[in-house]
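Please look over the sequence and the model shown below.

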Amino acid sequence: YEQYSFDVTNILPTASLGSNYIIQTYEGYSEFSIIATENNTTVNINLSENSNNANDTITVILNTGQCYQVQSGEGIDFSGTTITSEDNKKIAVFAGNKNARVPVSSGETDLLSEQMVPTSYWGNSFVVTNSLTRTSDKVKVTAQNDNCHVRKNGMLVKTLNARESYEFEITNSAPAVYLETTEPSCVFLYLTGSDYGRENGDPSMLIINPTEQQIKHATFSSLNTEVTPLYHYVNISTETDNIANIKLDNNSISSTQFSEVAANPDYSYARVGIAPGDHTLISEGEKGFIAQAYGLGDNESYSY
């Protein structure tokens with residue numbers, strides 16, 4: 001933790017790691033790190049089109065616990081870089097930016113950090129929600145395969161080839177977006193700089209799990225700091241007919257806190273303020289939820 005510059009990420013257990021990744025970062029001082037879980041792990045890195053060494057392949061051999069890091073200069077985006085380990089040996093991959101402006105026109109910078117998920121966990125359907133109290137965030141979609149049609153609220157907005165990304169803005173005037181992709185994709189939400197998104201907050205990145213990855217139970221923490229007071233929130237999306245089954249800290253969330261996703265009323269979302277500390281979110285029905293926790297303060301933020 002450093003004042004005005006920190007972020008939070010989930011950490012995947014070793015059993016959930018994979019051998020094939022396509023990473024996402026933001027334009028700026030982008031970076032990624034690879035950690036091996038087995039000895040003699042051969043890793044092939046194919047840098048993105050936006051890097052100084054576009055499509056160059058870097059091959060490294062790592063032993064258990066060894067780490068290999070790649071950092072860029074200013075103005076580089078490593079989104080679309082592929083990282084593959086041979087013989088299906090599991091690796092952990094982290095990516096982000098040591099100092100990013102979101103968007104690049106913003107004057108405020110912050111650390112971005114998130115563990116990447118293997119491409120085997122990517123999906124085709126996403127509910128994305130804007131951070132509460134802020135005017136706008138950025139959303140970025142990266143495709144796994146060629147000819148990936150991206151539909152936002154039912155409208156075709158972009159066709160991507162493998163490893164390409166599409167970025168758009170989500171605002172508090174339409175705080176929920178329904179995304180569909182014809183090929184497996186990953187979606188990240190980027191909180192914007194305080195001078196752009198207004199109110200509290202600063203750049204932060206978090207992955208938006210696809211609706212195919214719903215869960216029914218989660219225990220999580222809202223992070224308090226001694227230096228910067230933070231306001232904490234959780235955004236929840238679930239199927240509309242499952243609202244009554246969602247409980248936060250053993251209390252039902254009022255149906256009035258949920259709103260239907262305008263482009264797909266089969267899904268609804270809630271954005272709820274929470275206190276510092278540990279929380280439990282459950283679905284008592286057969287269906288689950290997707291959720292994101294985040295905190296906003298004076299030129300400060302975290303999200304996961």
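## Paired strands

E260 stands opposite S268 in β21. This pair belongs to the antiparallel strands β20 (residues 258-261) and β21, which are joined by four bridges. β20 and β21 form a hairpin, with two residues between them. Strands here are DSSP runs of E with at least two residues, helices are runs of H or I with at least four residues, and both are numbered from the N terminus. Two strands count as paired if DSSP finds at least two bridges between them.

β21 (residues 264-274) is also joined to β17 (residues 230-239), by eight bridges, and these two strands run antiparallel. Here I236 has A270 in β21 as its bridge partner.

## Basis of the model

The model is predicted; local features need pLDDT of at least 70, side-chain atom pairs count only at pLDDT 80 or more, and totals for chains, interfaces and linings use all residues. Residues are numbered from 1 along each chain as its sequence is written, and side-chain values use heavy atoms, with hydrogens and water left out.

## The chain as a whole

The protein chain has one helix and 24 strands. Its C-alpha atoms fill a box of roughly 55 × 40 × 35 Å along the principal axes. The radius of gyration of the protein chain is 19 Å, which agrees with the value near 19 Å for a compact globule because the chain has 304 residues. This radius is taken over C-alpha atoms, and the globule rule is 2.2 Å times the number of residues to the power 0.38.

Of the 304 residues, 51% count as buried. Buried means under 20% relative accessible area, exposed over 50%, and partly exposed in between, with a 1.4 Å probe and protein chains only. Among contacts between residues at least 6 apart in sequence, 76% join residues at least 24 apart. A contact means heavy atoms within 4.5 Å.

## The largest pocket

The largest pocket has a volume of about 790 Å³. Of its 34 lining residues, N10, I207, N209, I215 and A291 are the closest to its centre. Among the elements that give two or more residues to this lining are β8 (109-115), β9 (123-129) and β16 (217-222). β23 gives the largest share, five residues. By class, the lining has 22 nonpolar residues, 11 polar and one charged.

On a 1 Å grid over the protein atoms alone, a pocket is an open set of points with protein on both sides within 12 Å along at least five of seven lines, a cavity is a set where a 1.4 Å probe fits but cannot get out, and lining residues have an atom within 4 Å of a point. Ala, Val, Leu, Ile, Met, Phe, Trp, Tyr, Cys and Pro count as nonpolar, Asp, Glu, Lys and Arg as charged, and the others, Gly among them, as polar.

## The cavity

How many cavities of 30 Å³ or more does a search of the whole structure find? The search finds one. About 50 Å³ of space lies in the largest cavity. Its lining includes T129, N235, Q292 and Y294. β14 and β23 are the elements that give two or more residues to this lining. The lining has four nonpolar residues, five polar and no charged ones.

## A loop residue

E199 is found in the loop between α1 (194-197) and β15. E199 counts as exposed because its relative accessibility is 59%. Leaving aside neighbours within four places in sequence, E199 is in contact with T133 and S194. E199 and T133 are 66 residues apart along the chain, and their C-alpha atoms are separated by 6.8 Å.

Key
Points joined across faces, edges and corners; volume = space filled by probe spheres on them.
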